[in-house]
Amino acid sequence: MKLPGAPFLAYRGESLHLDGCELDALADRFGTPLYVYSQAAMLAALAPYQRALVGRKHLICYAMKANSNLAVLQTFARAGCGFDIVSGGELARVLAAGVSADRVVFSGVGKTREEMRLALRAGVKCFNVESEAELEVLSAVAVQEGRQAPVSLRVNPDVDAGTHPYISTGLKANKFGVAHDRAVAAYRRAAALPGLSVIGIDCHIGSQITEIAPYLDALDRVLDLVEAIEAQGIALHHLDLGGGLGITYTDETPPAADELIGALLTRLDARGHGHRMLMFEPGRSLVGNAGVLLTETLYLKPGQEKNFCIVDAAMNDLMRPAMYEATMAIVACRRRDEAPVTYDVVGPVCESGDWLGRARSLAVQPGDRLAVLSAGAYGMSMASNYNTRGRAAEVLVVGDEAHLVREREQPAELFRGERLLP
Ligand code: LLP
């Protein structure tokens, strides 16, 4: 099997390395469960987006929900990225990473008034508004603040991204965006509201998309709207095409980012819209294959129907298998010269849904470290404290240096804000 994450992730001899660092040695040094990311792999994932957009007005807004560690944000900020945020918490984080708010777009169906106020005061580049009701509230808040909120409407193009139902967002049945047939009326309303300044349009059709076709369908639908909206005398400066490009977890074959962008640019040019400022909101495709989750094997438990490999990472550390039945590759940090056995790899949490991998062929003994691959996106950012388990530490590898970029959470931190009754 070609390792997802190669060439940054590779065996040297029998030992798995990420960039210049041996993963087993990082587990010795920092403990497990441990998230480890490669900065070079992140920048290499960004490069084809940047390459494809040379000579075009553009801003690549990293969707920080995928991995919001401050050092990861700093990495993308230094590389010239903007950011897509979805909460006041993400706003605080991105500002703490030293990012200027005029590189930040604010998405999400349920922004609170307080979040709107904070984002207005910070001076975000654009609010991606998801409903007509939100337009009214945002305008009112902006007027109270004595400001104008820059807005784009997230339109729902009603295309099927062909992905998991929980992460498909561009269908009529989804809660996201303004329906295609309401969009022109919503833009007219937005243009009339005193607290808003219309600057763009956006869409995002889903996540882990492995085909170009749904993007082109969505683009056509959005361009139809752009033309209809501008015919009403409302100018749109930018076009934000969202994120969603998939990665290889096992055998998926998504297009490369430059291939996708190239196809979109060709369509934009053909329809006479190639001059517009373009924005993208990639998350997973920038960080997913740049990270692994390291875990130590605690026990092997042979059974009549199944063998279990019980490890020290659990569903609270990595939700994707439990939540989406996601398949993520699992390999040994040190290869053993032994016959592999088929195991379900499971964590210590008291739920049958607590598994990281099913029916995996592994040569493993207690004490061995395993790496769950492609864990750089939606891994740590979705982690919880269920079972009062402290969240894992995070390490960012830069060349052959390993930087601890988040300390392991200690039990006392988990109930610090709680109070006993008098
Ligand atoms: N923009 C918006 C408005 C989004 O809602 C999302 C992701 C993105 C951009 C970035 O999408 P990406 O490029 O990462 O596909 N937790 C799920 C994925 C949820 C995605 C939610 N929205 C998972 O682990 O698969």
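Analyst: Asn128 has Ser152 as its bridge partner, and Ser152 sits in strand E9. Keep in mind that this is a predicted model, where local features need pLDDT of at least 70, side-chain atom pairs count only at pLDDT 80 or more, and totals for chains, interfaces and linings use all residues. Numbering runs from 1 along each chain as its sequence is written, and side-chain values use heavy atoms, leaving out hydrogens and water.

Strand E8 (residues 126–129) runs parallel to E9, with 3 bridges between them. Two strands pair if DSSP finds at least two bridges between them. Strands (E, at least two residues) and helices (H or I, at least four) are DSSP runs, numbered from the N terminus.

So how well covered is E9? Spanning residues 149–156, E9 has 8 of its 8 residues buried. Buried means under 20% relative accessible area, exposed means over 50%, and partly exposed is in between, with a 1.4 Å probe and protein chains only. Both faces are covered: Ala149, Val151, Leu153 and Val155 are buried on one side, and Pro150, Ser152, Arg154 and Asn156 on the other.

Now pick out Arg154 and compare it with another arginine. Arg221 and Arg154 are 67 residues apart in sequence, yet 12 Å apart in space, C-alpha to C-alpha. Arg221 belongs to helix H8 (residues 213–230), and it counts as partly exposed because its relative accessibility is 30%.

On to the ligand. It has 18 residues around it, and the closest are Ser207, Glu281, Arg320, Tyr324 and Tyr378. Being near here means that a heavy atom of the residue lies within 4 Å. The shell splits into 6 nonpolar, 6 polar and 6 charged residues. Domain 1 (9–38 + 288–414) and domain 2 (107–282) both give residues to that shell, so the ligand lies between them. Those domain bounds come from an automatic or database assignment.

Note on methods: Nonpolar A, V, L, I, M, F, W, Y, C, P; charged D, E, K, R; others polar.
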